[in-house]
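Biologist: I would like a close look at one part of this model, namely the side of one chain that meets the other, together with the fold behind it. Please go through it in order and state your cut-offs as you use them.

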Amino acid sequence: MPILALRKVSKSFGALTVADAISFEVPQGQALGIIGPNGAGKSTLFNLITGNIAPDSGTVVLDGTDVTRLSPMQRCRMGVGRSFQIPQPFGKLTVFENLLVAGAFGQGKTEAEVTDSAAAILEQTGLLPKANRPAGGLSLLDRKRLELARAMATNPRLLLLDEIAGGLTDAECNSLVETIRGLHAAGTTIIWIEHVLHALNAVVERLLVLHFGRVIGIGAPAEIMTSREVQEIYLGVEI
Amino acid sequence: MIWVDTIVQGVLLGGLYALFAAGLSLVFGIMRLVNLAHGDLIVLAAYLILFVVTVLGVHPLVAVLLAAPMMFAIGWGLQRLILTRTLGDDILPPLLVTFGLSIVIQNALLEGFTADSQRIPMGAIETASVALGPVSVGLIPLLTFASAVLVIFALNQLFYRTSLGRAFRAVSDDPTTAQLMGIRPASVFATATGIAMVVVTIAALYLGVRSNFDPTIGPARLIYAFEAVIIGGLGSLWGTLAGGIIIGVAQTLGGSINPEWQILSGHIAFLVVLLIWPRGLFPRAFD
């Protein structure tokens, strides 16, 4: 059974169709990359999966359960974690508190139960030296790390990453990629929106191409990247 | 020596204003909700305490223990059923709704308890006093101040040391992201208002023991509370205590010069602080 399945999910904002009968499945444990030009509806797709936006039609199925009408909070408890394209840490909380909140409420546990795992995640993401700083004052790299760390703290089985590598240097990017590979190796299903293709290709097994709210290709990265349609639309090759 | 006495009395009076203000500060800090019915909710709590004292014949301190959970429930329900629906980008709906609520509470209290002025009877302790060095201070004002310090200390502990407090701060920061972390903002908000109403109950006890009250005095208490919150800097609880003290001292100083100046000098002190420090004395670093 796939961990996530979208069935003919559509969403329009007025005349603008941001999701046009999107259907795809993600098997347990797979890493799926999502690419597409700006405005293709990638972040909207995440919002539909997390429940921040309700679709006009279609269903979102998590672990065989129809979650189309469930709140983001309920989906979080079912194992959906997410990082944002523009990092949105709780700025007034310290880095560690950000993880405690995510861990305790995201898993429905007490803070004492999640303290150790939160500390381990800080270590894993390289945030340990900044654990007690207010998250509002972090650098871009550390904010991105915190996005990942906080999503990890909810102990997700399905992790949604939204352009986590954007704006980073190669070295910074590589350290994030290593962490994500580690998560994937440990069995977490990952869906990753990314423009930095070499980062994406280092992790994902499948690529999905989105264009004006439609899925125009899904398959092995090599196959997708060489498809003529994708090259025309996404890579801007002259016709 | 009279000046020392005046200032000490002012500081202690400031404790009462800080108690009025702490609940307002808590609710505003977490959900950016300005509750114009806050003063009337204090008066409502005072009537509730009086009602429990009269019906059950218990001591006011026991009555507070009974009234506090009831006020928590009132606050929780109020937030859940009404106030949360008014929250959004527009600041007008919460103002209008709480203004209406203020009128509803005043009129309901008038219907239920008449316009007669009331007092919560506490027996001999009302007039008891202790000698603090050169000045002698009333036991009740002293208890009021001690309660204010204790309440603000407890709220700070709650805010910065507990899981619920972190949820308060996370939701206040970003309710949408908080939901993705498994936090349910509506229930966090309801709990916050419930806790604010417990603080309101404590404030109501001292209001009712120290002075007479009737159903219409709520809005004036709201003004003092507002001034204390704004002097202190929005969202800073210790600042709220400082704000209360500044208003209290200004009032007793003004009153000692000319009794007619008491209320006025409190407001003038507020305006002066606002002119010099528009963001209050202890503004929060981020906002």
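**The contact and what lies behind it**

Modeller: The contact draws on 25 residues of chain A and 16 residues of chain B, two residues being in contact if their C-beta atoms, placed from the backbone, lie within 7 Å. On the side of chain A that touches chain B, helix 2 (72–77) and helix 3 (95–107) of chain A each supply at least two residues. Helices here are DSSP runs of H or I with at least four residues, strands are runs of E with at least two, and both are numbered from the N terminus. Helix 3 of chain A gives the largest share of that side, seven residues. By class, the side of chain A that touches chain B has ten nonpolar, ten polar and five charged residues; Ala, Val, Leu, Ile, Met, Phe, Trp, Tyr, Cys and Pro count as nonpolar, Asp, Glu, Lys and Arg as charged, and the others, Gly among them, as polar.

This is a predicted model: local features need pLDDT of at least 70 and side-chain atom pairs count only at pLDDT 80 or more, while totals for chains, interfaces and linings use all residues. Residues are numbered from 1 along each chain as its sequence is written, and chains are lettered from A and ligands numbered from 1 in the order in which they are written.

Chain A is assigned domain 1 (1–24 + 52–70) and domain 2 (81–155 + 171–186), with bounds from an automatic or database domain assignment. Taken over C-alpha atoms, the centres of domain 1 and domain 2 of chain A are 28 Å apart.

Next, the sheet of chain A. Six strands make an open sheet with mixed pairing, in the order 6-7-8-3-9-10; two strands pair if DSSP finds at least two bridges between them. Strand 6 (80–82) and strand 10 (214–219) of chain A are the edge strands, each pairing on one side only. From one strand to the next the twist averages 20°. Within this sheet, strand 3 (residues 31–35) and strand 8 (residues 189–193) of chain A run parallel and are joined by four bridges, with A:Gly33 opposite A:Trp192.

Helix 1 (residues 42–50) of chain A lies across strand 3, strand 6, strand 7 (158–162), strand 8 and strand 9 (206–211) of chain A, at about 150° to strand 7. Axes are lines fitted to C-alpha atoms, for helices over the stretch in contact, and angles run from 0 to 180 degrees between N-to-C directions. Nine of the nine residues of helix 1 of chain A are buried, among them A:Lys42, A:Phe46 and A:Asn47. A residue is buried if 20 or more other C-beta atoms, placed from the backbone, lie within 10 Å of its own, exposed if 12 or fewer, and partly exposed in between. Just after helix 1 of chain A, A:Gly51 has a positive phi of about 95°.

A positive phi also turns up at A:Glu163, near 45° and in a residue other than glycine. A:Glu163 sits in the loop between strand 7 and helix 6 (170–185) of chain A and is partly exposed, with 19 other C-beta atoms within 10 Å.

Strand 1 (residues 4–13) of chain A contains A:Lys8, whose phi is near 50°, again positive in a residue other than glycine. A:Lys8 is partly exposed, with 13 other C-beta atoms within 10 Å. Strand 1 of chain A pairs antiparallel with strand 2 (residues 16–26) of chain A over seven bridges, and A:Lys11 has A:Ala19 as its bridge partner. The two strands form a hairpin with two residues between them, and A:Gly14 in the turn has a positive phi of about 60°.

Strand 1 of chain A also pairs antiparallel with strand 4 (residues 57–62) of chain A, over five bridges, with A:Leu4 opposite A:Leu62. Strand 4 in turn pairs antiparallel with strand 5 (residues 65–66) of chain A over two bridges, where A:Val61 is partnered by A:Asp66. Strand 4 and strand 5 of chain A form a hairpin with two residues between them, and the turn residue A:Asp63 has a positive phi of about 55°.

In chain B, helix 1 (residues 2–31) and helix 5 (residues 139–161) pack at about 30°, with their axes 7 Å apart. The residues in contact include B:Leu12, B:Gly15 and B:Leu19 of helix 1 and B:Phe145, B:Ala148 and B:Ile152 of helix 5 of chain B. By class, that helix contact has 15 nonpolar, three polar and no charged residues.
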